[in-house]
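Here are some notes for a colleague who is about to look through this model. Please read them with the sequence and the coordinates side by side.

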Amino acid sequence: MADDDITLDTAALRVLAHPMRLALLNRLRRQGPATVRQLATHFELDSGAASYHLRRLAAGGLIEEDTERGTRRDRWWRARHRISTHDPSTSPDATESRAYVQAVALADGETLRRVAGEVVPFLPDEWFGVSAFMSQNLHLTPGELDAMKRELAGVIERYRTGEPTEGAERVTVQLQMFPLLTDET
């Protein structure tokens with residue numbers, strides 16, 4: 001794990017179980033520091049609601065005021081860590097863990113909807129040809145799924161920790177692995 005990563009504890013899971021807080025944190029990580037007003041406008045919130053959620057994120061140790069920017073009237077906020085990690089198998093609080101995972105799934109679904117409408121139609125052929133949108137249904141035991149999860153996480157980690165090469169663009173990798181628990185396959 002890199003120095004700028006955080007493993008979420010129960011308190012952080014509780015803070016991030018709210019989809020708006022997760023969205024605010026992700027926006028600060030992707031776009032960099034921003035003011036309450038900028039974030040409120042981006043997410044179509046009133047400034048009071050945006051400020052409340054930012055204070056909760058700060059209390060959870062996930063963001064901090066960027067004191068090098070702004071003034072007392074115009075406070076800037078920045079993410080404290082590049083990446084949050086959470087492994088449900090190690091969480092002491094299943095309720096908080098499930099609420100956080102549900103918020104992540106909702107946020108990822110929203111990202112996919114945005115990508116479908118705003119990104120895919122305009123991707124240059126070079127990037128479209130190497131993009132991957134796949135869904136596979138497999139028959140696995142919990143142990144096999146865990147082994148696959150760890151193997152794929154290792155591959156992603158190798159690419160994440162390397163220095164970007166010339167021509168590199170920011171790429172999102174979303175991986176969802178869960179049992180369907182239905183008869184449909």
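1. A polar contact is taken here as a pair of N or O atoms within 3.5 Å, where, within protein, one must be able to donate a hydrogen and the other to accept it, and where residues adjacent in sequence count only if both atoms are side-chain atoms. This is a predicted model, in which local features need pLDDT of at least 70 and side-chain atom pairs count only at pLDDT 80 or more, whereas totals for chains, interfaces and linings use all residues. Residues are numbered from 1 along each chain as its sequence is written, and side-chain values use heavy atoms, with hydrogens and water left out.

2. The side chains of aspartate 5 and arginine 160 are joined by a polar contact of 2.5 Å. Aspartate 5 lies in strand E1 (residues 5-7), strands being DSSP runs of E with at least two residues and helices runs of H or I with at least four, numbered from the N terminus. Its relative accessibility is 9%, so aspartate 5 counts as buried (under 20% relative accessible area, with a 1.4 Å probe and protein chains only).

3. In helix H4 (residues 47-59), the buried residues are Ala50, His53, Leu54 and Leu57. Seen down the axis of H4, they fall within an arc of 100° (taken from the directions from the helix axis to the C-beta atoms), so they line one face of the helix.

4. At the start of H4, the backbone nitrogen of glycine 48 has a side-chain oxygen of aspartate 46 within 3.0 Å. After H4 comes glycine 61, with a positive phi near 75°.

Technical notes. The expected span of a helix is 1.5 Å times one less than its number of residues. Buried means under 20% relative accessible area, exposed over 50%, partly exposed in between (1.4 Å probe, protein chains only).
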